[in-house]
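Dear colleague,

Please find below the structure that I promised to hand over. My notes on it follow directly after.

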Amino acid sequence: LTYVKAFGKMGYTTKLVAQLMRDLGSIPAPMNSFILNLGLQSLHLRMRQHCENAQKVAEFLQNDERVAWVHYSGLKGEYYDLAQKYMPNGTCGVIAFGLKGDRETAIKFMDSLDMINIVTHVADARTCVLHPASHTHRQLSDEQLKEAGVAPDLIRLSVGIEDVEDILDDIKQA
């Protein structure tokens with residue numbers, strides 16, 4: 001794309017917004033910097049809770065007969081030993097799993113959640129969930145999803161810091 005040809009006098013400004021700010025970020029306003037600093041000050045507490053909650057949720061999912069598979073570095077598996085070596089205080093708050101069924105089963109599960117938010121965030125204080133096949137990659141066929149490494153049944157769950165029993169109750173009922 002030649003920005004001047006495509007956008008005329010606005011070419012440079014368009015390039016700044018479309019490319020440079022996307023790649024490098026902008027300078028945050030003072031209030032945004034203050035809020036970011038506040039968040040960083042409690043990050044160690046929040047991450048501990050994310051990890052503890054995610055471990056419990058991953059263990060629940062692994063033992064639920066309605067779940068086809070679970071990928072979480074805190075569970076015994078391919079990357080477990082490395083996770084224990086490099087992250088001895090907890091791995092992360094993000095779990096990938098698939099339900100027994102197909103894309104429609106995953107969509108029905110998502111639509112049935114009450115407390116858990118359907119958004120693309122990760123590491124939010126709230127528990128957030130996303131079904132890439134029907135959201136971020138919805139334009140792709142099942143074959144194209146597989147080529148891109150996105151299973152049609154894949155659900156990405158970013159476990160928040162709420163009471164873990166509330167998170168589990170919402171997953172169970174959905």
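Arg-66 counts as partly exposed because its relative accessibility is 43%. Its salt-bridge partner is Asp-64, with the closest N and O atoms 2.7 Å apart. Asp-64, by contrast, counts as buried, at 11% relative accessibility. Please note that this is a predicted model.

A search of the whole structure finds three salt bridges. Another of them joins the side chains of Arg-103 and Asp-142, at 2.7 Å from N to O. This pair links distant parts of the chain, since Arg-103 lies in helix α6 and Asp-142 in helix α7 (residues 142-147), 39 residues apart. Arg-103 is buried, with a relative accessible area of 16%, whereas Asp-142 is partly exposed at 38%. A salt bridge is also formed by Asp-124 and Arg-126, whose closest N and O atoms are 3.1 Å apart. Here Asp-124 is buried at 19% relative accessibility, and Arg-126 is partly exposed at 33%.

Turning to the aromatic residues, the structure holds two aromatic pairs. The rings of Tyr-3 and Phe-7 have centres 6.2 Å apart and planes at 25°, so this pair is stacked. Tyr-3 and Phe-7 are four residues apart in helix α1 (residues 3-7), and therefore about one helical turn separates them. Tyr-3 counts as buried at 16% relative accessibility, while Phe-7 counts as partly exposed at 39%. The pair of Phe-97 and Phe-109 is edge-to-face, with 6.0 Å from centre to centre and 85° between the planes. It links distant parts of the chain: Phe-97 belongs to strand β2 (residues 94-99) and Phe-109 to helix α6 (residues 103-112), 12 residues apart. Both of these phenylalanines, Phe-97 and Phe-109, are buried.

The largest nonpolar core has 24 residues, of which Val-57, Ile-95 and Phe-97 touch the most other members. At least two residues of this core come from each of α4 (43-62), β1 (67-71), β2, α6, β5 (154-158) and α8 (164-173). Beyond its neighbours within four places in sequence, Phe-97 contacts several residues, including Leu-61, Trp-69, Phe-109 and Leu-157. There is a second, separate core of five residues, among them Ala-96, Ala-133, Leu-145 and Leu-154.

Ile-35 lies in helix α3 (residues 30-41) and counts as partly exposed, at 47% relative accessibility.

With kind regards

Terms used:
Residues are numbered from 1 along each chain as its sequence is written. This is a predicted model: local features need pLDDT of at least 70, side-chain atom pairs count only at pLDDT 80 or more; totals for chains, interfaces and linings use all residues. Side-chain values use heavy atoms; hydrogens and water are left out. Buried means under 20% relative accessible area, exposed over 50%, partly exposed in between (1.4 Å probe, protein chains only). Rings of Phe, Tyr and Trp (its six-membered ring) pair if their centres lie within 6.5 Å; planes under 30 degrees apart count as stacked, over 60 as edge-to-face and the rest as tilted. A nonpolar core is a set of buried Ala, Val, Leu, Ile, Met, Phe, Trp, Tyr and Cys residues joined through side-chain atoms within 4.5 Å. Contact means heavy atoms within 4.5 Å. A salt bridge is a side-chain nitrogen of Lys or Arg within 4 Å of a carboxyl oxygen of Asp or Glu.
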